[in-house]
Amino acid sequence: MTKLEAAYAEYGMDYSNTIGRTAGDEELLRELLDMFAADGNYALLTEALDNDNAGDAFSAAHSLKGSSGMLGMTRLHRVLSNMTECLRTGDIAGAEKFRDAAEREYKAAVRMIGSL
Amino acid sequence: MYRTIIVEDDLMVCAILEKQLGRFSQLRLCGKFRRCSDALAYFTENPTGAELVVLDYFMPGMNGIEFLTELRKINIDVQVIMITSANDYSVIRSAMCCGICDYVLKPFNSARLEKAVGRFETTMRLIKNTHVWTQDKVDTLLSPHKHYNVEPVSEGGVPSPGKINKTTLENVRAFMRLNVGRKMPLVEISEGLELSTVTSRRYLKYMNSLGEVNITLDCKTGGRPSEIFEYRGEDT
């Protein structure tokens, strides 16, 4: 088991499908994880939620949902999917219910990336 | 070779798509755009500039459906595989109205992308080779996924016998028998068989596991190495 695979397992993320997406290229996967950690969409999401801006929050959540899903961050992807569905209809209060879970899972993902 | 364009604003997803599409020797990436307006400008300048567009839906400015609508308005008859996390029916329905070839939800896996490429190839082959549109041909055009084997392969990339259709296998075998001793690239075989390269390769890999076909790599293509298939016979 590679270090990356072990880190995915430790954080409950989906290594198998993710490495399949990069056609077995771990170096590429590491680069993509670094890009995810440096991506500004999470900050945009929290800012938009703070400002009750459902449109911007939707854009940021949708983008994060896509990239987290592609990178095998299963739990974060699930939470963001729920949040995106609320924001699609402008339901900020509904989205707020998922905020703590989103923050927890996002931080876990970034921690995993930092551990590599 | 089918010229392929990616329209995707997310750099991470774009990198994954580029890597994935690189697995298919029949596709050649000829452009990447982060905005639909840039892709539209490309097609306005080059109406026949690609055979396949791999398209996201949610992008800044013009979205994927608006882009497709504009493409169809100017009669760009390119095949489109949408790869998106947009899972609401209104988007899927609009995409279907714009004549997409396939709709793949993120996060996709490699096997599903392979199906999409197989579907695209079947469609292209049909359009290229059909002069008289019979009901069968129309049915295939509307449901190309029903006309190739989409079952996953077993470990080691060799299809299990249960996933191999006997008639198709005999057709492939008959074609290879006619070309015994010839070293042929996959594209030549799939064109000769009028099967997609995905399906042709599946049967050739199966025949390879039986010792009937040799597979070697041609590294002198000037690009990606290409698999070369040679029929050896059934008794060797």
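**Close-up views of a predicted two-chain model**

**View 1. Nonpolar cores of the predicted model.** The largest nonpolar core of this predicted model comprises 73 residues. Those with the most contacts inside this core are A57(A), A61(A), M83(A), V7(B), V53(B) and I81(B). Leaving aside residues up to four places away in sequence, V53(B) touches I5(B), V7(B), V78(B) and V80(B). Another core, of 10 residues, lies apart from the largest one; among its members are Y203(B), L204(B), M207(B) and F229(B).

**View 2. The open sheet of chain B.** Five strands, in the order β2-β1-β3-β4-β5, form an open sheet in chain B with parallel pairing. The edges are taken by β2 (27-33) and β5 (102-105) of chain B; each has a single partner strand, so one side of each is left without a neighbour in the sheet. From one strand to the next, the twist averages 20 degrees.

**View 3. Pairing of β4 and β5 in chain B.** Strand β4 of chain B, residues 79-84, pairs with β5(B) in the parallel sense over 4 bridges. Within this pair of strands, T84(B) stands opposite L105(B), which belongs to β5(B). Strand β5 of chain B is at an edge of the sheet and has a single partner strand.

**View 4. The two domains of chain B.** The domain assignment divides chain B into domain 1 (2-131) and domain 2 (148-231). Taken over C-alpha atoms, the centres of domain 1 and domain 2 of chain B are separated by 27 Å. Domain 1 of chain B contributes 11 residues to the contact and domain 2 of chain B contributes 12 residues. On the side of domain 1 of chain B that touches domain 2 of chain B, 2 residues are nonpolar, 5 polar and 4 charged.

**View 5. Contact between chains A and B.** The contact joins 15 residues of chain B to 17 residues of chain A. Helix α1 of chain B, residues 11-21, supplies 7 residues, the largest share of the side of chain B that touches chain A. By residue type, this side of chain B has 7 nonpolar, 4 polar and 4 charged residues.

View 6. D52(A) is placed in the loop between α4 (41-50) and α5 (54-70) of chain A. There are 11 other C-beta atoms within 10 Å of that of D52(A); a residue counts as exposed at 12 or fewer, so D52(A) is exposed. The C-alpha atoms of D52(A) and E96(A) are separated by 10.0 Å, while the two residues are 44 residues apart along the chain.

Note on methods: Residues numbered from 1 in each chain as written. Chains lettered and ligands numbered in written order. Predicted model: local features only at pLDDT ≥ 70, side-chain atom pairs only at ≥ 80, totals over all residues. Pairing = 2+ DSSP bridges. Helix = DSSP H or I, 4+ residues; strand = E, 2+ residues; numbered from the N terminus. Axes fitted to C-alpha atoms, helices over the stretch in contact; angles between N-to-C directions. Domains from an automatic or database assignment. Contact = placed C-beta atoms within 7 Å. Nonpolar A, V, L, I, M, F, W, Y, C, P; charged D, E, K, R; others polar. Buried ≥ 20, exposed ≤ 12 C-beta atoms within 10 Å, placed from the backbone. Core = buried A, V, L, I, M, F, W, Y, C linked by C-beta atoms within 7 Å.
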